[in-house]
Amino acid sequence: MTVRPIVITGEPVLHRRAAEVTSFDSDLARLVDDMFETMDAANGVGLAAPQIGVGLRIFVYNMGNDDGVPDRGVLVNPRITTTKVPGTAPDPEEDSEGCLSVPGDSFPLQRAAWTRLTGFDADGAAVEFEATGWFARCMQHEYDHLDGKLYVDRLNDRYARKAKRSAKDHGWGVPGHHWMPGVDPDPFGH
């Protein structure tokens, strides 16, 4: 297993739809192992393949939940169904979200409170479960990566302006930026 660099907003792979996985083979198994290793080294709760520069529809997660779903898993070629996202403003204390590809920043964002996911595990076996609360938020966040969206793309105008200003201040928004979990300082201070 190898820890891989996490690419930062502006890298093209983060901003385009990822391709379907077509082969459940040893290469896929190695990629999934590397994704878990990278997520763990980054102290993350989820990691999508585009975040390590691989444009495939895969994400891993490690998050406790109240939904009877194993805390640690992988979804390959997932599909998602959600309830409606509330139209109210996000609560800055309760709804703040962060992303390993926007390191160190957090902004409030409303998400649906319930999701259903279907897909496959790394061996090609079918997976289906429902997620609620923060686990549902995590699933939506990782799924968005597979469609070329970052959480900052979904922010309301007020927080979107702050996120753009922060990205500009960091020099992000162009290809070539990344950070290395376990080597570079943890951007979220874990």
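This is a predicted model: local features need pLDDT of at least 70, side-chain atom pairs count only at pLDDT 80 or more; totals for chains, interfaces and linings use all residues.
Q: Why is the pair of Phe129 and Phe135 called stacked?
A: The ring centres lie 5.8 Å apart, with the planes at 15°. Pairing needs centres within 6.5 Å, and stacking needs planes under 30 degrees apart. Both conditions hold, so the pair is stacked. The structure holds 4 aromatic pairs.

Q: Which residues form one aromatic cluster with Tyr61?
A: Phe129 and Phe135 do. Both of these Phe residues are buried.

Q: What makes Arg137 count as a charge over the ring of Trp134?
A: The charged end of Arg137 is 4.5 Å from the centre of that ring. The distance cut-off is 6 Å, and the charge must also lie within 35 degrees of the ring normal. Arg137 sits over the ring of Trp134.

Q: Where does the charged end of Arg57 sit?
A: Over the ring of Tyr143, 5.5 Å from its centre. This distance also falls within the 6 Å limit.

Q: How do you know whether Arg111 is buried or exposed?
A: Its relative accessible area is 8%. Buried means under 20%, so Arg111 is buried. Arg111 is placed in the loop between strand S6 (102-108) and strand S7 (114-120).

Q: How do you know that the length of helix H2 agrees with its residue count?
A: H2 covers residues 133-146, which is 14 residues. At 1.5 Å a residue, the helix should span 20 Å. The end C-alpha atoms are 21 Å apart, so the two values agree.

Q: Why is H2 called largely enclosed?
A: Because 12 of its 14 residues are buried. Among them are Phe135, Arg137, Tyr143 and Asp144. The buried residues of H2 pack against several strands, including strand S2 (46-48), strand S4 (72-82) and strand S8 (126-132).

Q: Which residue just after H2 takes a positive phi?
A: Gly148, at about 80°.

Key:
Residues are numbered from 1 along each chain as its sequence is written. Side-chain values use heavy atoms; hydrogens and water are left out. Rings of Phe, Tyr and Trp (its six-membered ring) pair if their centres lie within 6.5 Å; planes under 30 degrees apart count as stacked, over 60 as edge-to-face and the rest as tilted. Buried means under 20% relative accessible area, exposed over 50%, partly exposed in between (1.4 Å probe, protein chains only). Helices (H or I, at least four residues) and strands (E, at least two) are DSSP runs, numbered from the N terminus. The expected span of a helix is 1.5 Å times one less than its number of residues. Contact means heavy atoms within 4.5 Å.
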